Amino acid sequence: MPRLLLSFIILTSPLAAQVRAPRKPANPPPAPRLKDGTPNLGPVEPNKGYWAPQQYQDYTAIAEPKQIPYQQWARELANYRKVETASKYDPQGFCLPPAGPRMMTTPYPMEIIQLPEQKRILMIYEGGAHVWRIIYMDGRSHPDGDALNPTWMGHSVGRWDGDSLVIDTVGFNEGSWIDMGGKPHTDQLHLVERLTRTDLYTLHYEATIDDPGAYTAPWKVRFDVTWDPNGEIQEYICQENNLWKDHVR
């Protein structure tokens with residue numbers, strides 16, 4: 001059995017909270033909207049429904065360009081993580097937060113909550129250690145200099161571009177991996193995400209990874225996430241049910 005596949009099984013098999021995206025109807029209803037006309041990226045019924053991300057182990061298959069523009073040290077580190085150590089030191093396997101696209105490509109329920117009066121959007125993720133992101137929609141800019149404290153989720157500001165939510169994030173620490181294959185990033189990472197609900201069941205996601213500390217040019221990933229209209233986010237505590245650490249030698 002390939003070592004990376006074995007690591008994947010070790011990570012996923014004991015975790016009951018993981019979800020499988022439902023089958024999308026042949027003729028899905030259109031994307032819903034809030035009362036103010038803004039695209040609704042969340043539930044259409046109170047307390048019902050969530051996004052069901054699909055697992056992507058290696059973003060090379062969904063990346064543009066297909067040849068990731070690594071700097072040499074980043075290529076060597078990614079190879080060490082994926083090939084030489086079979087992803088066994090993946091921070092997410094130790095219940096540390098998935099940042100950026102990784103939150104959208106690990107199969108745990110995820111919900112987007114829009115708070116237009118408070119001028120913010122929350123993204124709530126059932127996996128990991130109950131992760132959440134705040135996207136500020138009040139027109140603020142990112143903090144400057146020492147005021148930008150590096151964190152797992154980074155500092156996110158958002159805006160609407162037509163029917164697409166554009167999220168601009170900086171201020172990441174260097175603790176997370178970009179994907180399970182071990183693609184690294186530095187604290188220079190500038191992530192721009194674009195979320196578009198094309199119909200009730202589909203969230204089209206695009207992310208531009210711009211990190212001059214690890215890559216010679218920006219690169220993108222894009223994919224769709226499927227809506228489960230009957231799902232409800234549950235309590236899941238990664239640390240209570242984590243067998244990954246028991247297999248690290």
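1. Let's start with the largest pocket, which holds about 220 Å³ of space. Its lining is made up of Val19, Arg20, Ala21, Ala52, Pro53, Gln54, Gln55, Pro107, Asp224, Val225 and Thr226. Here a pocket is an open set of points on a 1 Å grid over the protein atoms alone, with protein on both sides within 12 Å along at least five of seven lines, and lining residues have an atom within 4 Å of a point. Grid points are joined across faces, edges and corners, and the volume is the space filled by probe spheres set on them.

2. A word on what you're looking at: this is a predicted model, where local features need pLDDT of at least 70 and side-chain atom pairs count only at pLDDT 80 or more, while totals for chains, interfaces and linings use all residues. Residues are numbered from 1 along each chain as its sequence is written, and side-chain values use heavy atoms, leaving out hydrogens and water.

3. Which element gives the most to the lining of the largest pocket? That is strand 10 (residues 219-228), with 3 residues. By class, the pocket lining has 6 nonpolar, 3 polar and 2 charged residues (Ala, Val, Leu, Ile, Met, Phe, Trp, Tyr, Cys and Pro count as nonpolar, Asp, Glu, Lys and Arg as charged, the others, Gly among them, as polar).

4. On to the overall build: the chain has 2 helices and 10 strands, in the order α-β-β-α-β-β-β-β-β-β-β-β along the sequence. Both kinds are DSSP runs numbered from the N terminus: helices are H or I with at least four residues, strands E with at least two. Of the 249 residues, 50% count as buried (under 20% relative accessible area, with exposed over 50% and partly exposed in between, using a 1.4 Å probe and protein chains only). Among contacts with a separation of 6 or more, 63% come from residues 24 or more positions apart; contact means heavy atoms within 4.5 Å.

5. Why does His185 count as buried? Because its relative accessible area is 6%. Its side chain makes a 2.8 Å polar contact with the side chain of Ser176 (a pair of N or O atoms within 3.5 Å; within protein, one able to donate a hydrogen and the other to accept it, with residues adjacent in sequence counted only if both atoms are side-chain atoms). Leaving aside residues up to four places away in sequence, His185 also touches others, including Asp211 and Ala214.

6. Finally, the disulfide. The whole structure has 1, joining Cys95 to Cys238 with S to S at 2.0 Å (the cut-off for cysteine sulfur atoms is within 2.5 Å). The two cysteines are 143 residues apart, Cys95 in the loop between helix 2 (72-84) and strand 3 (110-115), Cys238 in the segment after strand 10. The S-S torsion is about -80°, so the disulfide is left-handed. Cys95 is buried at 5% relative accessible area, and Cys238 is buried at 7%.

How values were computed:
On a 1 Å grid over the protein atoms alone, a cavity is a set of points where a 1.4 Å probe fits but cannot get out, and a pocket is an open set with protein on both sides within 12 Å along at least five of seven lines; lining residues have an atom within 4 Å of a point.
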